[in-house]
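Hi everyone, thanks for making time.

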Amino acid sequence: STRRLITPLPIPSQYHSDVLSSTVVETLVGRDGLVISARIIDGSGSARADADALSLARRARFTPAKAAQNLPEVGKLIFQWFTLNLNDTNNVKR
């Protein structure tokens with residue numbers, strides 16, 4: 001589909017001791033561009049990252065549909081995480 005996000009989603013930093021996979025969220029988007037439902041179809045390995053992705057997906061707003069039909073569209077949002085190592089952020093050199 002040619003539906004685009006109206007505004008970029010503010011992706012939060014994730015703190016983790018290892019690399020995270022992407023979180024894939026399947027969305028059902030109404031004709032008006034609002035997300036009707038969202039569910040995780042492929043998790044990242046981090047409950048917090050997956051919860052953040054789900055929350056962001058539910059708040060996403062897309063351009064309205066151009067077609068005359070009033071049927072919702074299914075799409076996927078892929079959240080690619082870049083992690084910060086929590087151990088490195090807590091080390092203070094004295």
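This is a predicted model: local features need pLDDT of at least 70, side-chain atom pairs count only at pLDDT 80 or more; totals for chains, interfaces and linings use all residues.

I'll go through the sheet, then the helix, then the charged side chains, and finish with a loop residue.

What order do the strands come in? It's an open sheet of 3 strands, and going across it you read S3-S2-S4, with antiparallel pairing. The edge strands are S3, residues 35–42, and S4, residues 73–79, and each of those pairs on one side only. If you look at how neighbouring strands sit against each other, they're turned by 25 degrees on average, ignoring direction.

Now find strand S2, residues 23–29. On one side, S2 pairs with S4 in the antiparallel sense over 7 bridges. To pick out one spot there, Leu 28 has Val 74 in S4 as its bridge partner. And what packs on this sheet? That's helix H1, which touches S2, S3 and S4, and its direction makes about 155 degrees with that of S3.

S2 also runs antiparallel to S3, and 6 bridges join those two. They form a hairpin with 5 residues between them, and in the turn you'll find Gly 33, which has a positive phi of about 95 degrees. Is S2 mostly covered or mostly open? It's mostly covered, with 5 of its 7 residues buried.

Let's move on to the helix. H1 spans residues 47–59, and Asp 50 is in it.

As a reminder, side chains of opposite charge can pair when their charged atoms come close. How many salt bridges does the structure hold? There are 3.

Take Arg 3 and Glu 73, where the closest N and O atoms are 2.6 Å apart. This pair links distant parts of the chain: Arg 3 is in the segment before strand S1, Glu 73 is in strand S4, and they're 70 residues apart. Arg 3 is buried, at 14% relative accessible area, while Glu 73 is partly exposed, at 26%.

Next, Arg 39 and Glu 26, whose side chains meet in a salt bridge at 3.0 Å, N to O. Arg 39 is in S3 and Glu 26 is in S2, so this pair ties together parts that are 13 residues apart in sequence. Glu 26 and Arg 39 are bridge partners in the sheet, too. Both are partly exposed, Arg 39 at 48% and Glu 26 at 23%.

Then there's Asp 52 with Arg 48, with closest N and O atoms 3.9 Å apart. Those two are 4 residues apart in helix H1, so about one helical turn separates them. Arg 48 is exposed, at 59% relative accessible area.

Last stop: Phe 82, in the loop between S4 and strand S5. Buried or exposed, what would you guess for Phe 82? The cut-off for exposed is over 50%, and Phe 82 comes out at 69% relative accessibility, so it counts as exposed. Also, Phe 82 and Ser 21 are 61 residues apart in sequence, but in space their C-alpha atoms are 9.3 Å apart.

Technical notes:
Residues are numbered from 1 along each chain as its sequence is written. Side-chain values use heavy atoms; hydrogens and water are left out. Two strands pair if DSSP finds at least two bridges between them. Axes are lines fitted to C-alpha atoms, for helices over the stretch in contact, and angles run from 0 to 180 degrees between N-to-C directions. Contact means heavy atoms within 4.5 Å. Buried means under 20% relative accessible area, exposed over 50%, partly exposed in between (1.4 Å probe, protein chains only). A salt bridge is a side-chain nitrogen of Lys or Arg within 4 Å of a carboxyl oxygen of Asp or Glu.
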